[in-house]
Amino acid sequence: MVDNNKLHLLISIAKLYYLENMNQNEIANLLGVSRPLISKYLMEARNLGVVKIEINDLLTSDNVEDDLSERICKKFNLKDIYIIPSSTNKDLNDQMFVDYATEYILGTFKDNFLLGIGWGSVIGAIIKKIDNFEPKRKLIGDVVPLISNAPISFRNYHTNELVRMLAEATGLNAQYLYAPVICSTPSEREIFLNTDNVKGVMDMYERLDYVVIQIRNFPSVPDLATEARFEKKLHQEKAVGMLLGYYYDINGNVIQSDMDYSIQIPIDSLKKAKKVIGIINTRVNSTAAIGAINLGIFTDIIISDNVAKELL
């Protein structure tokens, strides 16, 4: 029988190896032990059931996935959909989604492009993964935030910081948006919209080559002052999801409010981008996914297979 201290050690090592993608030498150096000992611990973790390795036979499922992709693309008029397999293990599921999504996104970029990025935990994890690449993936172009920093402490919602990290990791030129995401009055919003910085960013929004946006459920955390901006309209008009600072119903109608003084890329500008990639992970429910696709702004979707199966 393994004691609790040993079990905690095995779990920690397994997480570093399988979830954090550290190699055995790195873990050994971190813990101050030999690499063969780490190898022994990983084998022990598998034998005890701490780690369960599951192999999806993609050769037998390819035809099913291809058929599902074709049907979804045809139904929603999408150019491409990338369906990512899901796992019953939450942590492994999150890591798999980020790994697959990162490679798909990087594989779409050509040189000398203008990229707009949104915010969210998945986008933050993708940028962190790119930042950890060795050797670095070098890209040529510019990257700009699609919305300003959220007034919260979560780093994944500080878009200027996400832009900075991605630029430093890839060599892209960082373009920043210096404005509050939510202004308190129409006149304050007008002042910011007339600054040289915001006007320059708004001009970039008309020329975007690629856009990456994470789709979220409604309601969800963080809440972007929805009570002040919309009062009861989001519930009255049956909001099902959100992207950036926009809320929408299942038919893809953006819910408008005279009290909404946010600064973000206009929906019409999103529709002009050459490729708009929507990210739908396993936590997004099907109604939020359907409503987002019905907005008519997305050309491509990266989606977890459990959500994709509910779209038809």
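Me: Which residue in β9 does Ile280 stand opposite?

Reply: Ile280 stands opposite Ile303. This is a predicted model, by the way. Ile83 stands opposite Ile303 in β9 too.

Me: What makes β8 and β9 a strand pair?

Reply: Strand β8 (residues 275-280) and β9 have four, in the parallel sense, so they qualify. β1 also qualifies as a partner of β9, because at least two bridges are needed and five join them. β1 and β9 run parallel.

Me: Why is β9 described as largely enclosed?

Reply: Count its residues: five of the five in strand β9 (residues 300-304) are buried, so the rest of the structure largely encloses it. You can check this face by face. Asp300, Ile302 and Ser304 cover one side, Ile301 and Ile303 the other, and all are buried.

Me: Which strands pair with β2?

Reply: β3 pairs with β2 in the parallel sense over five bridges, and Leu115 stands opposite Val143 there. β5 also runs parallel to β2, joined by three bridges, with Gly116 opposite Val211. Both counts meet the requirement of at least two, so both are pairs. β2, α6 and β3 also make a right-handed β-α-β unit.

Me: Why do Phe113 and Tyr210 count as an aromatic pair, and what kind is it?

Reply: A pair of rings is described by the distance of the centres and the angle of the planes. The ring centres of Phe113 and Tyr210 are 5.4 Å apart, within the 6.5 Å limit, so they pair. Their planes are 80° apart, over the 60 degrees needed, so the pair is edge-to-face. Phe113 lies in β2 and Tyr210 in strand β5 (residues 210-217), so the pair ties together parts 97 residues apart in sequence. Phe113 and Tyr210 are buried.

Me: What makes the Tyr82 and Tyr104 pair stacked rather than edge-to-face?

Reply: The angle does. It is 15°, under the 30 degrees that counts as stacked, and the centres are 4.9 Å apart. Tyr82 is in strand β1 (residues 80-84) and Tyr104 in helix α5 (residues 90-108), 22 residues apart. Ring pairs also bring in Tyr100, making a cluster with Tyr82 and Tyr104.

Me: Are Tyr82 and Tyr104 buried, exposed or partly exposed, and how do you know?

Reply: Tyr104 has 13% relative accessibility, under the 20% cut-off, so Tyr104 counts as buried. Tyr82 is at 26%, which falls between 20% and 50%, so Tyr82 counts as partly exposed.

Me: Why is Tyr247 called buried, and what is in contact with it?

Reply: Its relative accessibility is 1%, under 20%, so Tyr247 counts as buried. Tyr247 is found in strand β7 (residues 246-248). Setting aside neighbours within four places in sequence, its contacts include Phe218, Leu224, Arg229, Phe230, Met242 and Ile255.

Me: And why is Lys138 called exposed?

Reply: Its 60% relative accessibility is over the 50% mark, so Lys138 counts as exposed. Lys138 is found in the loop between α6 (121-131) and β3 (141-145). Leaving aside neighbours within four places, Lys138 is in contact with Ala169, Thr170 and Gly171.

Me: What makes Arg137 a charge over a ring?

Reply: Arg137 lies over the face of Phe133, 4.6 Å from the ring centre. The distance limit is 6 Å, so that value passes.

Me: Which residues touch the most other members of the largest nonpolar core?

Reply: Leu208, Ile213, Leu243, Leu244, Phe298 and Ile303, out of 62 residues. Helix α13 (residues 286-294) gives the most to this core, with five residues.

Note on methods. Residues are numbered from 1 along each chain as its sequence is written. This is a predicted model: local features need pLDDT of at least 70, side-chain atom pairs count only at pLDDT 80 or more; totals for chains, interfaces and linings use all residues. Side-chain values use heavy atoms; hydrogens and water are left out. A nonpolar core is a set of buried Ala, Val, Leu, Ile, Met, Phe, Trp, Tyr and Cys residues joined through side-chain atoms within 4.5 Å. Buried means under 20% relative accessible area, exposed over 50%, partly exposed in between (1.4 Å probe, protein chains only). Rings of Phe, Tyr and Trp (its six-membered ring) pair if their centres lie within 6.5 Å; planes under 30 degrees apart count as stacked, over 60 as edge-to-face and the rest as tilted. A charge sits over a ring if NZ of Lys or CZ of Arg is within 6 Å of the ring centre and within 35 degrees of the ring normal. Contact means heavy atoms within 4.5 Å. A crossover is right-handed if, with the strands pointing away from the viewer, the path from the first strand over the helix to the second runs clockwise.
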